[in-house]
Amino acid sequence: MPDLFSLEGRVAVVTGGSGALGSTACAALTGAGAVVGVLARDTARIDIVVAENAAAGGEAVALPADVLDRVSLERARDLVLDRHGRLDLLVNAAGGNLREATVEPEGTFFDLPPEAFDAVFRLNAQGTLLPCQVFGQALGRGDVMGRCIVNISSMAAERALTRVAGYGAAKAAVENLTRWLAVDLARRFGDGLRVNAIAPGFVVSAQNRALLLDARGELTDRGRAIVDRTPAGRLGRPEDLVTTLLWLCSPESRFVTGAVVPVDGGFSAWSGI
C-alpha cells in the first residue's frame, strides 16, 4: 500500500509553496518521492520550506517567482527543465483573499472597491491561469503519461459566502478553468495529462486567521458559525488535504480528470438544517 501513491522519480512544482497549504503540499510530495520546486515570492520563506524538506529527507529546490509575472514563471520553468529535464506535476496553491476585498461587517457590497475585487480575482484566477500556461507547456512534452495539474479551489466557489464576493467569484473561475482545461488536454493527450482541483473546507491560514480565530485562538462568531455547519465539527488543517493530493497526483487516479474534490468535513453536503 505505501507504494500505491509513490511519486518516486517525478518532478513537481508547487505555486504558493511558502504558504500553509503550499508548504504542506511540498512536504507531502517530497515525502512520496518527488523532487519539488517551491515557487513563491517570499525568498526567505522559500528557503525555510526547502530546508524543512531537506531535513525530512526530501529534495526541494527554490523557485522565486510571481504567479502574475509570466517572465518570472518562464525563468522558473526553464530552471526546472535545465536541472531535471522534465516536469510531471503542477500544484497551483497560490491565491487567497485580500483584506481590501473583504466586505466589513458594518459595510455593504456597494462599498466594495472594484479595484480590490479585481486584485483578488487576478491573484486567484490569473494566478492559476498563467502557471497552467507556462508550466503546462513542459507537462505536455514527450511522453505525458501520468502527468497532471491540481488546482486549489474553495467552498466559496460553490456556495455564496458572506463578505468574500471577489474571492468566491475568483475560485468559481478556477473551477471552471479546471474543467475546461481537463477537457481540452484530454482531447489532445488522452488520459496521460489530467487536470483536477481540490476544494478545501475552512482551513486556518495566515490570511483567514483573523476571520476565524480571535487573539486567544478561540473561534470568532464567524468561525463558530462555520464549525456549527460542518458535520465534522471542526475547522480544517492543511494536512487534511494530503492524501487527496497524493491520490490525484498518482497514477492511481488515472481515470479522474475535470473533478473538483471537496475536502471539507461535510460542509458542502449539509443544508444546515
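Where residues are sorted by class, Ala, Val, Leu, Ile, Met, Phe, Trp, Tyr, Cys and Pro count as nonpolar, Asp, Glu, Lys and Arg as charged, and the others, Gly among them, as polar. The structure is a predicted model, in which local features need pLDDT of at least 70 and side-chain atom pairs count only at pLDDT 80 or more, while totals for chains, interfaces and linings use all residues. Residues are numbered from 1 along each chain as its sequence is written, and side-chain values use heavy atoms, with hydrogens and water left out.

The secondary structure of the protein comes to nine helices and seven strands, taken as DSSP runs (H or I of at least four residues for helices, E of at least two for strands) and numbered from the N terminus. The radius of gyration of the protein is 18 Å, which agrees with the value near 19 Å that a compact globule of 273 residues would have; the radius is taken over C-alpha atoms, and the globule rule is 2.2 Å times the number of residues to the power 0.38. Of the 273 residues, 51% are buried, that is, under 20% relative accessible area with a 1.4 Å probe and protein chains only. Among contacts (heavy atoms within 4.5 Å) with a separation of 6 or more, 71% join residues 24 or more positions apart.

Cys26 lies in helix 1 and, at 0% relative accessibility, counts as buried. Leaving aside neighbours within four places in sequence, Cys26 is in contact with Val14, Gly17, Val36, Val38, Val49 and Asn53.

A pocket here is an open set of points on a 1 Å grid over the protein atoms alone, where a 1.4 Å probe fits, with protein on both sides within 12 Å along at least five of seven lines, and lining residues have an atom within 4 Å of a point. The largest pocket is lined by 46 residues, of which Gly95, Gly96, Asn97, Ser205 and Gln207 lie nearest its centre, and by class this lining has 24 nonpolar, 14 polar and eight charged residues.

The second largest pocket is lined by 13 residues, with Leu161, Phe202, Ile226, Arg229 and Phe267 nearest its centre; its lining divides into seven nonpolar, three polar and three charged residues.

Definitions and conventions
Buried < 20%, exposed > 50% of the residue type's maximum accessible area, 1.4 Å probe, protein only.
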